[in-house]
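This report goes through a helix pair, a ligand site and several backbone features in turn. Please keep the sequence and the model at hand while reading.

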Amino acid sequence: MSAGAEPRRLPDEGRPVDEIFAELSDLAVDDRDWRTGRTFGLVFDGGDDVRAVGRDAYVRFMSENALNPVAFPSLGRMHAGVVAMTAGLLHHPRPSGDVGFMTAGGTESLLMSVKAARERGRARGVTEPKMVIPTSAHAALDKGGESFGVEIVRIPVRADYRADLDATAAALDDRTVLVVGSAPGYPHGVIDPIPELAALAATVGANFHVDACMGGMMLPFMEQLDEVVPPWDFRVPGITSISADLHKYGYTPKGASVILYGEEARRLDQVFLFDGWSGGFYASSAMLGTRSGGPIAGAWAVLQYVGASGYRELTRVTLDAARRIVAGTRAVPGLDVVGEPDMTLLAITADAGSGLDVFAVEDGLGARGWHLDRQSGPESIHATVSRGNVAVVDEFLADLAAAAADARGVRADDRSTSYSSLE
Ligand SMILES: Cc1ncc(COP(=O)(O)O)c(C=O)c1O
């Protein structure tokens, strides 16, 4: 079967399992083969054993419904365990299962940070709330602003691509309900000045959220490896909430993020309770209703399986790979890395004056089987480096140099950038 020829009609009779699975393989024929390590971002693979543990735990609880942990206390227990383990890693002052919630991912965690901030603002009479966030903060916050009626004010980043404090201060007022800093931000992989942003947010009584969706499961282990890590977790005064994705550098099955709150009252701002429905009392911690137990069990099991020493090792090898890519990129004439990445996310750009078009370089990498995303501000190629890429760093650097050589004098016609798509 050729790709795109998949059946679009419900069959009158069910089909044989073998045939279905053969067709599933056919359907995947054009998918990026992340197993080769040539896909950056999108897939975080902890290796065969970690993947198997996550998969088996996921499948074991896939049918259980986290909508109602009273019916499935196992999910409530695992949820509490995952929240408590994460809270401990992030130096929450009272780490327990009651200081936050699991969500389906970084986007849902960020949506919830916006909702919680709006509720607190409402309680103090803010009717036209706004949030102040750097241009580098994740686009899911804009989705949150639009969804919850919070105006979005984007402030510039400094020359080092971290949030500009003066511009932030100037944008704050009594309508501001939320300020966000990232640890690190997606586009350039740098950590915003978290203590300073937290202090600024406090001057107007706004929530301060740290988006550690990327860093939450790596920065703690970098610190344990004696790496220098700028302050970003609950040891910083004034942080309202932190999001940390488990399905990224926690290497758990997809559908797992955690949002933690420093104070109970702020955590309660996140929840939705409704007792006026004929269907019964409705209590919901985040956006979803019915939710598979799979991601909760998968996360719990992988955290237990990998343990702190396993995460330190995953962090060590991934950090080393990212640093080799940074150094190797800078060794290619005409190429550079944007700013100084604090972790394992980086953006490859062309030196001003080199005449090199970085999107033409990306075309060359694509032709050689690599998957990276193009971004703007500045035009660059984004690489989120994770364990799956570690084995192919030398190949990547050789292909990068070859793609750059081929790109001399070439300008890519397609100037579009790509993070996600509707297709
Ligand atoms: C810093 C940051 N925050 C939030 C998100 C959104 O996470 P998700 O894709 O799990 O919704 C991402 C995704 O890459 C991210 O890099």
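## Backbone features in loops

In which loop is the place of Pro184? Pro184 sits in the loop between strand S4 (176-182) and helix H7 (194-203), where helices (H or I, at least four residues) and strands (E, at least two) are DSSP runs numbered from the N terminus. The model is a predicted one, in which local features need pLDDT of at least 70, side-chain atom pairs count only at pLDDT 80 or more, and totals for chains, interfaces and linings use all residues. Residues are numbered from 1 along each chain as its sequence is written, and side-chain values use heavy atoms, with hydrogens and water left out.

Pro184 is joined to Ala183 by a cis peptide bond with omega about -15°. A cis bond also runs from Gly377 to Pro378, with omega near -10°, and Pro378 belongs to the loop between strand S12 (373-375) and strand S13 (380-384). His91, which is not a glycine, has a positive phi of about 55°, and this residue lies in the loop between helix H3 (73-89) and strand S1 (100-103). For context, most residues other than glycine have a negative phi, and most peptide bonds are trans.

## The ligand site

The ligand is surrounded by 14 residues, of which the closest are Gly106, Thr107, Asp211, His247 and Lys248; a residue counts here if one of its heavy atoms lies within 4 Å of the ligand. A side-chain N or O atom of Thr107 is 2.5 Å from an oxygen atom of the ligand, and a polar side-chain atom of Lys248 lies 2.7 Å from a ligand oxygen atom. Asp211 places a polar side-chain atom 2.7 Å from a nitrogen atom of the ligand. Taken alone, the ligand exposes 390 Å², and the protein buries 86% of that, with accessible areas from the Shrake-Rupley method with a 1.4 Å probe.

## Packing of H2 and H10

Helix H2 (residues 48-60) packs against helix H10 (residues 294-330) at an angle of about 145°, their axes being 7 Å apart; the axes are lines fitted to C-alpha atoms over the stretch in contact, and angles run from 0 to 180 degrees between N-to-C directions. The contact (heavy atoms within 4.5 Å) involves residues of H2 including Val50, Val53 and Ala57, and residues of H10 including Ala297, Ala301 and Val302.

## Surroundings of Asp164

Asp164 is found in the loop between strand S3 (151-155) and helix H6 (165-171). Leaving aside neighbours within four places in sequence, Asp164 is in contact with Ile155, Pro156, Val157 and Arg158.

Technical notes. A polar contact is a pair of N or O atoms within 3.5 Å; within protein, one must be able to donate a hydrogen and the other to accept it, and residues adjacent in sequence count only if both atoms are side-chain atoms.
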